[in-house]
Amino acid sequence: MNGKRIRRRLGLQKAWAKAFLLAAFVLSLLLAAGPGAAGAPRVLEIHFIDVGQGDATLFLGPDFVMLVDAGRHDRNDVVPYLQSAGVERIDLLVGTHPHSDHIGQFPRVLRSFPVVDVWLSGDVHTTRNFEETIDAILESGAGYHEPRAGEVFQLGSARIEVVHPAEVTGDFNNGSIAMRVVYGDVTILLTGDAEAPAELEMIARGHDLSADILHVGHHGSRTSTSDAFLAAVRPRVAIYSAGEGNSYGHPHAETLERLLQHGVTVYGTDVHGTIKVVTDGTTYRVTVEREDRGPVALASALAGGKCLPGQVNVNTASAEELAKIVHIGEVRAQELIARRPYHSLDDLLRIPGIGQGRLGDIKKQGLACVEMP
């Protein structure tokens, strides 16, 4: 399907997008005014769903439902999760950008729930998953919009401030939809896979980027979450979405270290499973699916933050010390020394004979660490 044709077909529905959102807002007010509403707690639940190496974030409000991204194309876990959470319809479905680890399950979502409105970034991909997503949007009859920086929308009791992109550039990651969700006095910032260049654009345009909670860009990649961006956002909590043991090495040690240096409390789906934030608009609390995995601060130390007492720093340790690390031994210790420095334990994959399996054993042993001299 030709990209211009897609844009033209979807363009027929764009004029209805704001009308759909307004209708949803009015309906939500009517529902909120119904019997029993006055005594009901008006809380927002934000579910950072563990979908492996992908993104899916559910906003379950008192008068709206929003889903930002919908997991990987090669999994089927988003629809079952939404059903288990009691979702019956979705007011706003947002695909931050057209990569299949973000819009992967859009077709299933659109065919399983009534969807009022859909946002995409405007970038056109050539993948089958993207084509199926477009077809599913058209079949659903949902409103369609490509939000741009500076736009503000009211969705039920939440305000959505779009802070990126300003235009379509063809750079899928840096063209990600980024938005600041305001619920009472609590704010959440989501940036998709936006990287440092996009972050600098957001800052340069003068957007208010301050947020209590930051959904870390690009699964915790070192290409995102720059110092300048963190200084502008000033988050108290950061949450990244990444698959346990993923081949990209996400989250990268440099990103975790930057977050920790800025005094941010960090949670990750690879460590904690699904992470929930519950807020009444004044305060918030974070709960995690897996409490026994330890804090991400420790994960940072193991991956490349600071070495703990008794650990072996692969950047400075002697061959004798390195030989104590599982799968290293005397011969590989010399190879390891010759290939220094290392920025994370994932860099040990450069050593001949160390693959993902052995790297996993090294991490599980917990003896090796990476700290720059």
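Predicted model: local features only at pLDDT ≥ 70, side-chain atom pairs only at ≥ 80, totals over all residues.

Of its 373 residues, 53% are buried. Switch to a cartoon view and you can look for 13 helices and 17 strands. Among contacts with a separation of 6 or more, 64% join residues 24 or more positions apart.

Next, select the open sheet of 7 strands. Walking across it, you pass β7, β8, β9, β10, β11, β12 and β13 in that order, and the pairing is mixed. At the edges sit β7 (152-155) and β13 (265-268), each pairing on one side only. On average, neighbouring strands here are turned by 20° against each other, with direction ignored.

Now zoom in on residues 178-183 and 186-190. These are strands β9 and β10, which pair in the antiparallel sense over 5 bridges. Click on M179 to find one of the partners: its bridge partner in β10 is L190. In general, strands of a sheet pair through backbone hydrogen bonds.

For the last stop, select helix α5, residues 128-140. Its 13 residues should span 18 Å at 1.5 Å a residue, and the end C-alpha atoms are 18 Å apart, so the two values agree. Which residues of α5 are buried? Colour N129, F130, E131, T133, I134, A136 and I137 to see them. Then step just past the end of α5 to G141, which takes a positive phi of about 75°.

Methods. Residues numbered from 1 in each chain as written. Heavy atoms only, no water. Pairing = 2+ DSSP bridges. Helix = DSSP H or I, 4+ residues; strand = E, 2+ residues; numbered from the N terminus. Axes fitted to C-alpha atoms, helices over the stretch in contact; angles between N-to-C directions. Expected span 1.5 Å × (residues − 1). Buried < 20%, exposed > 50% of the residue type's maximum accessible area, 1.4 Å probe, protein only. Contact = heavy atoms within 4.5 Å.
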